[in-house]
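Visitor: I would like to go through this structure and ask what each label rests on. Please set each value against its cut-off.

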Amino acid sequence: MAAAEEDELLPPRLPELLETSKHLLDEVEVATVPTGSRRIDKVSKGLELLKTAAEMLSQLDVFSPNEDLEEIASTDLKYLMLPALQGALTLKQANPSKRLDHLQWAREHFLNYLTQCQHYHVAEFELPQTKNNSAENNCAGSSMADPNLITMVSQRQAKLERYKQKEEVEQRLSALKSAVESDEADDECVREYYLLHLRRWIGISLEEIESSDLEIRILRGKDTFKEASTFHSSREVRPPMKPFILTRNAAQAKVFGAGYPSLASMTVNDWYDQHRKFGALPDQGIAKQTSEVKRAGGQQEDEEQKEEEDDKRTLQQAQEWDDWKDAHPRGNGNQQNMD
């Protein structure tokens, strides 16, 4: 009884942490509800266990950068998968507001795993571009005729090759799984089994980094669009202008109107002052008339005044002629000769 209680108090061992985390990841991947509470708890627990396992690996110095892949024990090869498992579980976190952070953290975990596998020469592959090696690739590819086209072709070929390797790895893993899990396999089979797992996660990591980069660009584009929309919506909105009737002076404003109080009337000066207050006038002022416009307006006024004077003169002459005819009826001038 006491021995059982002591076992419960002991912290979990490194193999148990890894196996429990893998089991939680498998359960999360087949979950039908992507945002359920149980699924979220499993993801959080798996990430916590993997973090503890990574700390234990660092303390135990299981791997050394000075050793080769052949020097690593067969049973220790599986611990190289820790960063890849961390990246996979990080992507399973369901928090849309932190999706961009989760993608960046997962990409970092996958990239650490790929760098580690390349260091030990687990498989032949090219590391995804980072800030450092992307600048080197751009400088090296600047002299090429069409680097983008060549990159697309090479990426397509790499995808086809990974797809073929994935099928072969899956078939071989299914053949070795039962023997390894039942402890019936020899050291050579165990080593092959874990190396196949490492190569399988290399393909998964490359695909996840590629899809994460695409999603990161989309999310950053959405953030840029939101910032632009917020900037335009925050601009000062001018208050709507009230309807009015233009008059020449204040006296006309009192006389003319629509007959009801909802429609205001104002003078030209009032209209100008109101528009200047809200900045609605071009260049904060009415454009000045040119000399030609003034001259044309003056000529028009002179012509109108001249026509008005001619009309008065013509009317006066007609009235004088009528008066003369009334005072001198026809035939009045011959009456003296008849006498």
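Visitor: What share of the residues of the protein chain count as buried?

Guide: The model is a predicted one. Of the 339 residues of the protein chain, 24% count as buried. Buried means under 20% relative accessible area.

Visitor: What makes α4 largely enclosed?

Guide: In α4, 10 of the 10 residues are buried, so the helix is largely enclosed by the rest of the structure. Among the buried residues of α4 are Leu82, Pro83, Gln86, Gly87 and Thr90.

Visitor: What does the secondary structure come to, and in what order do the elements run?

Guide: The protein chain has 12 helices and 2 strands. From the N terminus on, the order is α-α-α-α-α-α-α-α-β-α-β-α-α-α.

Visitor: How much of the contacts with a separation of 6 or more comes from residues 24 or more positions apart?

Guide: Such residues account for 61% of those contacts in the protein chain. As for the surface, the protein chain exposes about 25300 Å², and carbon and sulfur atoms supply 51% of that area.

Visitor: How many salt bridges does a search of the whole structure find?

Guide: The search finds 6 salt bridges. Side chains of opposite charge can pair when their charged atoms come close.

Visitor: Why is the pair of arginine 99 and glutamate 215 called a salt bridge?

Guide: The cut-off is a side-chain nitrogen of Lys or Arg within 4 Å of a carboxyl oxygen of Asp or Glu. For arginine 99 and glutamate 215 the N to O value is 2.9 Å, so the pair meets the definition. Arginine 99 lies in helix α5 (residues 99–119) and glutamate 215 in helix α8 (residues 187–233), so the pair ties together parts that are 116 residues apart in sequence.

Visitor: Are arginine 99 and glutamate 215 buried, exposed or partly exposed?

Guide: Partly exposed lies between the 20% limit for buried and the 50% limit for exposed. Arginine 99 has a relative accessible area of 22% and is therefore partly exposed. Glutamate 215, at 27%, counts as partly exposed as well.

Visitor: What makes glutamate 170 and arginine 200 a salt bridge, and which helices does the pair link?

Guide: The closest N and O atoms of glutamate 170 and arginine 200 are 3.0 Å apart, and the limit is 4 Å, so the pair qualifies. The pair links distant parts of the chain, with glutamate 170 in helix α7 (residues 147–181) and arginine 200 in helix α8, 30 residues apart. Glutamate 170 is partly exposed at 33%, and arginine 200 is partly exposed at 28%.

Visitor: How do you know that glutamate 16 and arginine 13 form a salt bridge?

Guide: The closest N and O atoms of this pair are 3.7 Å apart. That value is within 4 Å, so the pair counts as a salt bridge. The two partners carry separate labels: glutamate 16 is partly exposed at 38% relative accessibility, whereas arginine 13 is exposed at 54%.

Visitor: Which residues gather in the patch of negative charge on the surface?

Guide: The patch holds Glu301, Asp302, Glu303, Glu304, Glu307, Glu308, Glu309 and Asp311. Patch residues need over 30% relative accessible area and no salt bridge. Glutamate 309, placed in helix α11 (residues 291–327), has a relative accessible area of 40%, so the residue clears that area limit and is labelled partly exposed.

Visitor: What makes the phi of histidine 121 worth a remark?

Guide: Most residues other than glycine have a negative phi. Phi of histidine 121 is near 55 degrees, a positive value in a residue other than glycine. Histidine 121 lies in the loop between α5 and α6 (131–141), and the residue counts as exposed because its relative accessibility of 61% is over 50%.

Visitor: What is the phi of aspartate 183, and where is the residue found?

Guide: Aspartate 183 has a positive phi of about 60 degrees, although the residue is not a glycine. Aspartate 183 is found in the loop between α7 and α8. With a relative accessible area of 70%, aspartate 183 is over the 50% limit and so is called exposed.

Methods:
Residues are numbered from 1 along each chain as its sequence is written. This is a predicted model: local features need pLDDT of at least 70, side-chain atom pairs count only at pLDDT 80 or more; totals for chains, interfaces and linings use all residues. Side-chain values use heavy atoms; hydrogens and water are left out. Patches are made of residues with over 30% relative accessible area and no salt bridge: like charges are joined within 9 Å, nonpolar side chains (Val, Leu, Ile, Met, Phe, Trp, Tyr) within 5 Å. Accessible areas come from the Shrake-Rupley method with a 1.4 Å probe; for residues, only the protein chains shown count as cover. Lys and Arg count as positive and Asp and Glu as negative; His and the chain ends are not counted. The place of a charge is taken as NZ of Lys, CZ of Arg, CG of Asp or CD of Glu. Helices (H or I, at least four residues) and strands (E, at least two) are DSSP runs, numbered from the N terminus. Buried means under 20% relative accessible area, exposed over 50%, partly exposed in between (1.4 Å probe, protein chains only). Contact means heavy atoms within 4.5 Å.
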